[in-house]
Amino acid sequence: MIDKETLKQKVLSRKPQSYWLSTTEETEYPALNEDIKADIAIIGGGMVGISCAYLLRNENLRIVILEADRILQGTTGHTTAKVTSQHNIIYSKIQHQLGNELARQYAEANESAIKLITTTTKELGINCDLVPQYAYVYTQEDKHIQTISDEVRAAADVGIAADYVEELPLGLPIKAAVRFANQAQFHPRKYLLALAKEITEKGISIFEESRIVDIEEDGPYLLTTQQGKKIQAKKVIIASHYPFYNKDGLYFSRIYTERSYVVAVKSADDYPGGMYISYEDPTRSLRSQSTPEGELILVGGENHKTGQAKDTLKNYEALIDFAFDKFKVEDIPYHWSTQDCMTHDSVPYVGYFAENSPNLYLATGYGKWGMTNSTASAMIIKDLILNGKSPWQDVYSPSRKASVTSAKSFIVENLNVAEKFIAGKLSPPDSPLNTTCTHMGCELTWNTAEKTWDCPCHGSRFSEKGDIIEGPAVSPLEADHDVNTVEKLIKDDF
Ligand SMILES: Cc1cc2nc3c(=O)[nH]c(=O)nc-3n(C[C@H](O)[C@H](O)[C@H](O)COP(=O)(O)OP(=O)(O)OC[C@H]3O[C@@H](n4cnc5c(N)ncnc54)[C@H](O)[C@@H]3O)c2cc1C
Ligand code: FES
């Protein structure tokens, strides 16, 4: 059996690498090299963008996907890929904040998404390791037992068969758990790369390395890529994860980003099946993944706002400690982290970008539950485009009214952004790069584990050389730095 500290050193000296990316081919779609016209332009080739295009593929519309980098390498390429309508404690929360009818819409949308992923997998014959599973939210504390039992009741109210259980197959000591049947897990890139192949065969164009840096509204929309190419589109779907376009939406004050970590553990224990997440902090999430080299247990958790952790190596270390506590760990061949967009009431923003934008659509804010939510988003946006309405549009509406709880969260998060903005200005970092975020000017922080510059305000991230890794920023860091010093910094770190 390998010693924990030796394994930690071995793991953390390697670059983080997602299992999903390591086991699938990188795509090579061309960059856009001319001005074009389209009926629908989709900005972003993550799970949302690809799923929207897939559902619209037979509608005789000229559709293009514009991807900043390579498709399916963003959050979708680094997820844990539980395909479930169980989004930690959610139904009692939505009932309380927005009422039972909207909680029912949310349940129906996400249960329908599981069915759609399952039937699509069968119809296209996709080998994406889709396996049915039970999903559990558990608590190890007496004080949260009531929350668990409230969620079982709320789930029943909205039509989901949920059980209250006091033991887990996993053998973790718990006080209570809510269990959903008929949930699933899969390999997200195997599923979505098959969808990408299918849509291109149906005539949809995917352009990679074609970041959209500007959207102008003038009759049809006019999008501009970083290379200066123009796309004139009648309708636009913003599927770029964090929306970089802000007109009338005030999204920068309504969305914040949170990172989490995953370690993929090879263990001598037999994993009993099931997908698990703790209710209380620190969050711990578990699922397994079968691989040709044996089963991996994906251990996730360690949330923090982007750019607001002191030393992100410690987050991986905490997960490795947890894995050693619970399992006979033999190796950790993969570890990775990623971030998701969070809303103040834990419900995504999907639908018309603003009340006065009938041809501009948005899908974001999945709160780390984007596998079913992005599939549901594609169903909603398809319905809005083709029929002008969707049965689930009210709960997801980006223009919905804030509840009292979400208004409080709005104030707390925006005070946090203001504080980070001011703190950065008072104490400029000791760095050879110009580390002021090109989005709205917050000071970036160095992410020790990923070797990136991360923004504590809205979550933009930049490589060690200043290239954009993720938005909302659309411009790289200014190149007024001493490249030799940056290269030395990187060598010293790895
Ligand atoms: C650690 C972690 C674990 C998770 N586990 C689960 C889970 O088990 N189950 C679950 O349901 N959900 C999970 N999620 C959430 C889920 O992975 C995400 O919600 C989902 O992948 C988001 O998909 P997306 O298409 O919105 O974003 P992305 O996959 O990030 O795609 C957005 C794309 O847009 C591109 N883009 C950005 N800006 C531009 C631009 N200006 N022009 C052109 N393209 C642009 C990006 O390059 C990217 O490819 C998890 C999230 C985290 C952080
Ligand atoms: S992402 Fe908004 S200021 Fe950096």
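In this predicted model, strand β15 is mostly covered, since 12 of its 15 residues are buried. Strand β15 (329-343) is also one of the elements that give two or more residues to the shell around ligand 1, and it pairs with β11 in the antiparallel sense over 12 bridges.

**Strands β11 and β15**

- Strands β11 and β15 are joined by 12 bridges and run in the antiparallel sense, and within this pairing Ala264 stands opposite Tyr334 of β15.

**The shell around ligand 1**

- There are 39 residues around ligand 1, and those that come nearest are Gly44, Gly46, Gly74, Thr79 and Gly370.
- Two or more residues of this shell are given by each of the elements α3 (47-55), β11 (255-267), β15 (329-343) and α9 (370-387).
- Helix α9 supplies the largest share of the shell around ligand 1, namely four residues.
- When the shell residues are divided by class, 14 are nonpolar, 19 are polar and six are charged.

**Helix α5 against helix α9**

- Two packed helices are described by the angle between their axes and by the distance between those axes.
- Helices α5 and α9 pack at an angle of about 95°, with their axes 8 Å apart, and because angles of 65 to 115 degrees count as roughly perpendicular, α5 and α9 are roughly perpendicular to each other.
- On the α5 side the meeting residues are Ala109, Asn110, Ser112, Ala113, Ile114, Leu116 and Ile117, while on the α9 side they are Thr372, Asn373, Thr375, Ala376 and Met379.
- By class, this contact of α5 with α9 has seven nonpolar residues and five polar ones, with no charged residues.

**Helix α4 and its cover**

- Helix α4, made up of residues 91-98, is mostly covered, with six of its eight residues buried.
- The buried residues of α4 are Tyr91, Ser92, Lys93, Ile94, Gln95 and Leu98, and what covers them includes α5, α6 (145-157) and α10 (393-396).
- Gly99 follows α4 and has a positive phi, near 100°.

**The open sheet β18 to β21**

- Four strands form an open sheet in the order β18-β19-β20-β21, with antiparallel pairing.
- The edge strands of this sheet are β18 (445-447) and β21 (468-470), each of which pairs on one side only.
- From one strand to the next, the twist averages 35°.
- Strand β18 is joined by three bridges to β19 (residues 452-454), and the two strands run antiparallel; the bridge partner of Asn447 in β19 is Thr452.

- Leaving aside residues up to four places away in sequence, Pro132 touches Asn182 and Ala184.
- The C-alpha atoms of Pro132 and Tyr191 are separated by 15 Å, and the two residues are 59 residues apart along the chain.
- Asn182, which lies in strand β6 (residues 176-185), has a positive phi of about 60° although it is not a glycine; with 16 C-beta neighbours inside 10 Å, Asn182 counts as partly exposed.
- Asp129, found in the loop between α5 (100-124) and β4 (131-139), likewise is not a glycine and has a positive phi, of about 55°; Asp129 is partly exposed, with 18 other C-beta atoms within 10 Å.

- The peptide bond from Asp281 to Pro282 is cis, with omega near -5°, and Pro282 is found in the loop between β12 (275-278) and β13 (284-291).
- Gly471 and Pro472 are also joined by a cis peptide bond, with omega of about 25°, and Pro472 has its place in the loop between β21 and α12 (483-493).

How values were computed. Residues numbered from 1 in each chain as written. Chains lettered and ligands numbered in written order. Predicted model: local features only at pLDDT ≥ 70, side-chain atom pairs only at ≥ 80, totals over all residues. Pairing = 2+ DSSP bridges. Axes fitted to C-alpha atoms, helices over the stretch in contact; angles between N-to-C directions. Near = placed C-beta within 6 Å. Nonpolar A, V, L, I, M, F, W, Y, C, P; charged D, E, K, R; others polar. Buried ≥ 20, exposed ≤ 12 C-beta atoms within 10 Å, placed from the backbone. Parallel < 35°, antiparallel > 145°, perpendicular 65-115°, else oblique. Contact = placed C-beta atoms within 7 Å.
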